Amino acid sequence: MKRRRLARQAAGILLLVLGLLLAAGLCMAGAPSDNPVPNIFDPQSTPADSIFHLSLFVLIICGLIFLVVVTLLIYALVKFRAKAGDSPHEPPQVYGSTQIELAWTVIPILIVVVLVLATTRVIHAVQDAHKPANAVEVIAIGHQFWWEFQYPALGVVTANELHIPVSDPANPSPTFLKLLSADTDHSFWVPQLAGKTDLIPNRVNEMWMDPRRTGVFLGQCAQYCGTQHAKMLLQVSVDSPEDFKNWVNAQKQPAKKDDSVIAGRKVFETTACINCHAVAGTAATGRFGPDLTHMMSRRTIASGAAENTPENLGMWIQDPEMIKPGSLMPAMKLSDADLDALVHYLETLR
């Protein structure tokens, strides 16, 4: 009976280990295009790659420790299990074994030293990396609950969807981000491109990334910052040098003037919209909300909470709680005619 129970326990441990290995294998096997979920096992930038290899190193050491402990535990259970006819008294105890005490003291210390040195090397390599002259500089500001991205040298301001150029390993062109917070603690995390870095009020943190391929990489705020922390999403669009240049040129242009939507523009400029949002080339210069000059060039609204469609845009303007409960966007409660006119106007901001 005891032997059967022991076999079941050993089988359970084995199934747990196999399950973990299978889960890791599935994550590593899937191509990035097959799964939109950020994949920590598919790093596409030097900082993320360094963290990934450090994690594997730590995982291997922890796995070896786990195997040693489990093996000794199973050995002890099998070797010293009670047998029929054994005395019910406690077996002789061993006290004051210098060899055992040295082993369980010195070996863990050596393991910790190795892990500290490996981690320190990666931190130094990432944080003290050289910034080349052709690096793209971005100021990322965390708000409740959206992201603002400023490109000081390029004269561009956008929100929630960060565009950066791909970096050729032969001629690196990394992107360096200066991280600020407008209100409370946030955390910038795009797993495939870089490690998690906090945005703290009254403090400047920095990070960088040099993506090796084009594509869209998903991330989000990884620090609880309020009600809609979970929907403070972000997208990083890694463009080819030509596409990035074209995107910058398009973002520099003022808002398109279309006389057919003048009624919607009037609604925008005579309501609370103008107090929070900016539209280049108009009287709107608000800074509490995202810059809307080219909002229809973005894939999503409400910091990734909904697809950027006219229907969702109208819903977001009229009653933001339906899309993002707890957001700081006020419900405009416009008439149907004014709402339709405003949405038509915003659709021209490309």
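Is strand β5 (residues 175-181) mostly covered or mostly open, and how many of its seven residues are buried? Strand β5 is mostly covered, with five of its seven residues buried; here buried means under 20% relative accessible area, exposed means over 50%, and partly exposed lies in between (1.4 Å probe, protein chains only). Residues are numbered from 1 along each chain as its sequence is written, and side-chain values use heavy atoms, with hydrogens and water left out.

The protein chain contains eight helices and 12 strands, where helices (H or I, at least four residues) and strands (E, at least two) are DSSP runs numbered from the N terminus. Of its 350 residues, 38% count as buried. The accessible surface of the chain comes to about 20,400 Å², and carbon and sulfur atoms account for 63% of that surface; accessible areas come from the Shrake-Rupley method with a 1.4 Å probe, and for residues only the protein chains shown count as cover. Among contacts with a separation of 6 or more, 61% are between residues 24 or more positions apart, a contact being heavy atoms within 4.5 Å.

The predictor's confidence in each residue is given as pLDDT, from 0 to 100. The mean pLDDT of the protein chain is 87, and 90% of its residues reach 70 or more. Among the elements, β5 has the highest mean pLDDT (97), and helix α1 (residues 2-29) has the lowest (60). Over residues 28-35, pLDDT stays under 50, and the model has five contacts beyond four places in sequence for this stretch. Where pLDDT is low, the predicted coordinates should not be read in detail.

Strand β5 also has partners to explore. Two strands pair if DSSP finds at least two bridges between them. Strand β8 (residues 205-209) runs antiparallel to β5, and five bridges join the two; Thr 175 stands opposite Met 209 in β8. In a regular strand the side chains alternate between the two faces of the sheet.

Asn 134 sits in the loop between α3 (98-127) and β1, and is partly exposed at 39% relative accessibility. Leaving aside neighbours within four places in sequence, Asn 134 is in contact with Asn 171, Pro 172 and Ser 173. Although Asn 134 and Pro 172 are 38 residues apart along the chain, their C-alpha atoms are separated by 8.4 Å. Ser 327, in the loop between α7 (310-318) and α8 (336-347), is buried because its relative accessible area is 12%. Not counting residues up to four places away in sequence, Ser 327 touches Phe 145, Gln 228, Trp 316, Pro 320 and Glu 321.

Charged side chains come next. Side chains of opposite charge can pair when their charged atoms come close. A search of the whole structure finds two salt bridges, each defined as a side-chain nitrogen of Lys or Arg within 4 Å of a carboxyl oxygen of Asp or Glu. In one, Lys 131 joins Glu 137, with the closest N and O atoms 3.5 Å apart; Lys 131 is partly exposed at 36% relative accessibility, and Glu 137 is partly exposed at 44%. The other links Glu 269 with Arg 265, whose closest N and O atoms are 3.0 Å apart. Both residues lie in helix α5 (residues 262-269), four residues apart, or about one turn of the helix.

The surface also has a nonpolar feature. Ile 60, Leu 64, Phe 66 and Leu 67 make a nonpolar surface patch of about 380 Å². Patches are made of residues with over 30% relative accessible area and no salt bridge, like charges being joined within 9 Å and nonpolar side chains (Val, Leu, Ile, Met, Phe, Trp, Tyr) within 5 Å. Leu 67 is placed in helix α2 (residues 46-79) and is partly exposed, with a relative accessible area of 46%.

Technical notes:
Predicted model: local features only at pLDDT ≥ 70, side-chain atom pairs only at ≥ 80, totals over all residues.
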